[in-house]
Amino acid sequence: MSTLLLLTSALQPSAEVIPGLALLRHTVKVLPAEGSALLEAPAADLILVDGRQELAASRDLCRLIRTTGTQVPVILVVTEGGLSVVAADWAMDDVVLTTCSPAELEARIRLATDRVTAARDAEDPDSHVIRTGEVVVDDATYTAKVGKRSLDLTFKEFELLKFLAQHPGRVFSRQQLLQEVWGYDYFGGTRTVDVHVRRLRAKLGPENETLIGTVRNVGYRFVLPTKEHEASETRHGADA
């Protein structure tokens with residue numbers, strides 16, 4: 001599931017701009033199709049530009065997005081008539097018709113974001129490695145270690161550890177973890193989270209099980225090792 005930014009001047013829901021989007025699980029944030037809107041735009045994995053009507057303005061907006069230095073892929077949404085005038089120098093990564101199916105749209109979004117990830121990994125081979133204390137999670141090979149010991153994790157145990165390690169110190173409710181790790185279409189109860197946390201702690205071992213901390217009546221968090229926690233607090237204090 002990705003966060004998508006839709007730039008449009010239409011006073012319509014995103015599903016009216018490109019109906020197939022309504023059937024996908026991505027989070028969609030809508031902003032005006034203006035360069036000034038980019039200054040306060042939230043972080044996103046991909047940008048959709050509504051080019052159904054004002055093609056020249058949409059072309060200029062795509063070019064402007066590229067001048068900001070962002071590496072986020074840009075997909076231009078056009079009608080069939082507009083498709084005939086789109087050119088490579090418009091600076092977008094892909095083009096989709098407003099009538100494209102949910103499956104096609106999902107594939108184009110995935111391919112566009114995968115290309116960016118591959119390019120980033122080529123520049124920095126360790127960009128997919130998460131290191132928090134003694135825990136090392138490699139998202140490319142789906143392997144995890146604590147110290148020098150490899151962890152034998154199931155797919156969901158790996159995804160749970162990766163998500164928590166990506167946000168050390170932050171508390172997540174069981175419902176949040178269900179949505180982030182299992183997905184919005186998962187119909188199981190929050191008890192699933194408790195079971196996986198218990199299994200994950202067992203595999204981390206007695207000396208490391210406290211890395212997954214319980215916050216009573218709230219949920220779970222990845223506990224920073226003492227030295228890292230102190231360093232983090234020092235940095236925050238210096239920034240204050």
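**Figure 1. Burial and overall make-up of the predicted model.** Of the 240 residues of the protein, 38% count as buried, where buried means under 20% relative accessible area, exposed over 50%, and partly exposed in between (1.4 Å probe, protein chains only). The protein exposes about 13,600 Å², of which carbon and sulfur atoms supply 51%; these areas come from the Shrake-Rupley method with a 1.4 Å probe. Eight helices and 12 strands are present, taken as DSSP runs numbered from the N terminus (helices: H or I, at least four residues; strands: E, at least two). Among contacts (heavy atoms within 4.5 Å) between residues at least 6 apart in sequence, 56% join residues at least 24 apart. This is a predicted model, in which local features need pLDDT of at least 70 and side-chain atom pairs count only at pLDDT 80 or more, whereas totals for chains, interfaces and linings use all residues. Residues are numbered from 1 along each chain as its sequence is written, and side-chain values use heavy atoms, with hydrogens and water left out.

**Figure 2. The second largest pocket.** Its volume is about 210 Å³. A pocket is an open set of points on a 1 Å grid over the protein atoms alone, where a 1.4 Å probe fits and protein lies on both sides within 12 Å along at least five of seven lines; lining residues have an atom within 4 Å of a point. The volume is the space filled by probe spheres set on the points. The lining of this pocket comprises 13 residues, with S9, A33, D50, E54 and S58 nearest the centre. Strand 3 (46-50) and helix 2 (55-67) each supply at least two lining residues, and helix 2 gives the most, with four. By class, five lining residues are nonpolar, four polar and four charged. Here Ala, Val, Leu, Ile, Met, Phe, Trp, Tyr, Cys and Pro count as nonpolar, Asp, Glu, Lys and Arg as charged, and the others, Gly among them, as polar.

**Figure 3. Cysteines C62 and C100.** C62 is buried, with a relative accessible area of 0%. C100 is also buried, at 7%. The count of disulfides (pairs of cysteine sulfur atoms within 2.5 Å) comes to zero.

Figure 4. Most residues other than glycine have a negative phi. Y142, in the loop between strand 7 (135-138) and strand 8 (143-146), has a phi near 55 degrees and is partly exposed, with a relative accessible area of 43%. N217 lies in the loop between strand 11 (212-215) and strand 12 (219-222). The phi of N217 is about 65 degrees, and this residue counts as exposed at 77% relative accessibility.
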